[in-house]
Amino acid sequence: SQKWKSPFIRPLTAKELAALPDSEIDLSDILETTNEWFAKARVIYPHERKQQLTVRLDADIVDFFKSKGEGYQTRMNEVLRTYVEAMRK
């Protein structure tokens with residue numbers, strides 16, 4: 001795949017971006033949101049109530065999630081939520 005190259009020498013400031021005419025904004029990499037797309041879309045609401053706890057997990061499990069970068073605790077919660085939802089069905 002061809003690497004995208006910005007036509008600008010440096011990143012633009014918010015003020016410079018706001019001043020760009022619409023015709024100069026490249027929208028080619030933005031997902032087209034059709035009626036079909038919206039029909040398949042699913043709203044996921046954040047769970048407002050979190051409970052802090054201490055849990056002991058195998059080191060390799062923690063290392064794996066941490067290796068994927070920032071937000072590893074959120075990803076761990078998402079994996080557990082997927083499991084819980086599958087078990088409830």
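This note goes through the structure point by point.

1. **Basis.** This is a predicted model: local features need pLDDT of at least 70, side-chain atom pairs count only at pLDDT 80 or more, and totals for chains, interfaces and linings use all residues. Residues are numbered from 1 along each chain as its sequence is written, and side-chain values use heavy atoms, with hydrogens and water left out.

2. **Fold.** The protein has four helices and zero strands. Along the sequence the pattern reads α-α-α-α. Helices (H or I, at least four residues) and strands (E, at least two) are DSSP runs, numbered from the N terminus.

3. **Burial and surface.** Of the 89 residues, 3% count as buried. Buried means under 20% relative accessible area, exposed over 50%, and partly exposed in between (1.4 Å probe, protein chains only). The protein exposes about 9,600 Å², and carbon and sulfur atoms supply 55% of that area.

4. **Nonpolar patch.** L53, V55, L57 and I61 make a nonpolar surface patch of about 370 Å². Patches take residues with over 30% relative accessible area and no salt bridge; like charges are joined within 9 Å, nonpolar side chains (Val, Leu, Ile, Met, Phe, Trp, Tyr) within 5 Å. V55 sits in the loop between α2 (35–40) and α3 (59–67). V55 counts as exposed because its relative accessibility is 52%. I61 belongs to helix α3. I61 has 37% relative accessibility, so it counts as partly exposed.

5. **Salt bridge.** The structure holds one salt bridge. The term means a side-chain nitrogen of Lys or Arg within 4 Å of a carboxyl oxygen of Asp or Glu. Here the side chains of E36 and K40 meet, at 3.3 Å from N to O. Both residues lie in helix α2, four residues apart, about one turn of the helix. E36 is exposed, and so is K40. Side chains of opposite charge can pair when their charged atoms come close.

6. **Largest pocket.** The largest pocket holds about 1,300 Å³ of space. Of its 30 lining residues, the closest to the centre are Q73, M76, N77, E78 and L80. On a 1 Å grid over the protein atoms alone, a pocket is an open set of points where a 1.4 Å probe fits, with protein on both sides within 12 Å along at least five of seven lines; lining residues have an atom within 4 Å of a point.

7. **Pocket lining.** Which helix gives the most to the lining of the largest pocket? It is α4, with 13 residues. α3 and α4 (72–88) each supply at least two residues of this lining. The lining divides into 15 nonpolar, eight polar and seven charged residues.

8. **A C-alpha distance.** I61 and M76 are 15 residues apart along the chain, and their C-alpha atoms are separated by 9.6 Å.

Definitions and conventions
Areas by Shrake-Rupley, 256 points an atom, 1.4 Å probe, with all protein chains shown as cover. Points joined across faces, edges and corners; volume = space filled by probe spheres on them. Nonpolar A, V, L, I, M, F, W, Y, C, P; charged D, E, K, R; others polar.
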